[in-house]
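I set down what I looked up, in the order in which I looked.

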Amino acid sequence: MAIVELVMPKLGESIVEATILKWLKQPGDNIKQDETLLEIATDKVDTEVPSTVEGVLETILFRANEVVPVGEVIATLRTEGEEHSAAPVKASAPVQEAVTPDREPTALYTEKGNGQAAVNGSNRFYSPLVLNIAGNEGISMTELEKLPGTGAEGRVTKKDILQYVSDKKQGNPVPDQQQVVQESARQVPARRESTQQESQGGNVEIMEMDRMRRLIADHMIHSKQTSAHVTSFTEADVTNLVRWRDKIKVAFEKREGTRITFTPLFIEAIVRTIKKYPLLNSSLENNRIILKKDINIGMAAALPNGNLIVPVIKNADNLNLVGLARQVNRLAENARSNKLTPDDVQGGTFTLTNVGTFGSLMGTPIINQPQVAILAVGAIKKRPVVIETEQGDTIGIRHMMYLSMSYDHRIIDGALGATFLSAVAAELQHFNPDRDF
């Protein structure tokens, strides 16, 4: 027999943790190779984690809804073969961290059901490590029951029991669990929910943020705390682009079997401009600027529940307009039907968001870490504008669009940021109305 460890996989360069949504298998179940063990979620995508070995699920170390760092051991499996030191099971991507043998798991499941095992009829649950320390130190179950825990749901951790042993040997008074509960009760208002409602007024509705909204909130706050955000604005006359698309969209769909929207045209202009100003396609690690050779464009897409996700078009500079259109439509459809894979949402080097889809003229987008810039395009509106010609200035009705770009002022100065944004606008404004597709 051999014991192998399943670790939380790395699902993207900026993802450091994931939430366990649901275990599909329980300890004692036979597991086939590539069979799905659990479902996990990040702020970018929900996905399944398969096993890369065949065997029996031995233990589960984290419960549903717990947040687990990338590289942390989440389960162990027993496989046929000679006994050897446990090696991490790489579930779906390379991992970063090893786990020390004396690490105490957050939770230990040893039987089916809710996944925890009581000791001697106790209502509390203890890991084998805690029980082993208690046995070696002569701590009775009565003492263990009174010991306050700092872990999840009051669970006694390795640190708790070692501190208890140390205090006991030194003759220091040790508070029991009942004392801790009573002290906490004195500090917490008895009617917290009622007090919160009263502080907001009587006629209110309190809604809990869903998991993805909490993750998005954390991601946005992290970005604002990390990057020195600056936003520049410009506008573009996209009349030629709009008229060209209106002229060819039926023939395009008939010939290529996919729709042509404005998004691939915007991405095409961004890619051309990035080639001229490659610093916008970079990231910052400590004091090092990492220039990305691949141009992977993220495109913000709306999910059915109203949240946003950013699938990525890989190597966009290697695709023509038809290829970009196919990728845009595929990723947008997969986002709407919740079929995006982890690979679909990782590796982005620059992001486009179309705030005009929702009727906004412009916006100040937040940078998608670890990138250094994000460009927003607003709604295309007809407006009377001054047209400069060799014969003089005239006023005409044109299709106008505002563009805004937020960039990291730590490495992108205002001159470069404004120059890049103006260059993208120029690409759109000088669109060739006679081009083929």
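How many cavities of 30 Å³ or more does the structure hold? I find two of them, where a cavity is a set of points on a 1 Å grid over the protein atoms alone at which a 1.4 Å probe fits but cannot get out. I note that the model is predicted, that local features need pLDDT of at least 70 and side-chain atom pairs pLDDT 80 or more, while totals for chains, interfaces and linings use all residues. Residues are numbered from 1 along each chain as its sequence is written, and side-chain values use heavy atoms, with hydrogens and water left out.

**Entry: the second largest cavity**

I looked up the second largest cavity, which holds about 30 Å³ of space, a volume being the space filled by probe spheres set on grid points that are joined across faces, edges and corners. Its lining (residues with an atom within 4 Å of a point) consists of L241, L265, E268, A269, R272, E427, L428 and F431. Helix 8 (262-276) and helix 10 (414-429) each give two or more residues to this lining, and helix 8 gives the most, with four; helices are DSSP runs of H or I with at least four residues, strands runs of E with at least two, numbered from the N terminus. By class I count five nonpolar, no polar and three charged residues in the lining, with Ala, Val, Leu, Ile, Met, Phe, Trp, Tyr, Cys and Pro taken as nonpolar, Asp, Glu, Lys and Arg as charged, and the others, Gly among them, as polar.

R272 and E427 meet through their side chains in a salt bridge, at 3.4 Å from N to O; the rule asks for a side-chain nitrogen of Lys or Arg within 4 Å of a carboxyl oxygen of Asp or Glu. Because R272 lies in helix 8 and E427 in helix 10, the pair ties together parts that are 155 residues apart in sequence. Salt bridges with shared partners join E268, R272, K276, E427 and R435 into one network. Is E427 buried or exposed? I have E427 as buried, at 19% relative accessible area, and R272 as partly exposed, at 37% (buried is under 20%, exposed over 50%, partly exposed in between, with a 1.4 Å probe and protein chains only).

**Entry: other salt bridges**

The count by this rule comes to 18 salt bridges. One of them joins K25 and E35 at 2.7 Å, N to O, with K25 in the loop between strand 2 (17-23) and strand 3 (30-31) and E35 in the loop between strand 3 and strand 4 (36-41). K25 is buried at 18%, whereas E35 is partly exposed at 23%. I also looked up R78 and E58, whose closest N and O atoms are 2.3 Å apart; R78 lies in strand 8 (residues 73-79) and E58 in strand 6 (residues 55-60), so this pair links parts 20 residues apart in sequence.

**Entry: the largest pocket**

The largest pocket holds about 1100 Å³ of space, a pocket being an open set of points with protein on both sides within 12 Å along at least five of seven lines. Of the 43 residues that line this pocket, A300, A301, L308, T353 and N354 are the closest to its centre. I record 24 nonpolar, 14 polar and five charged residues in the lining.
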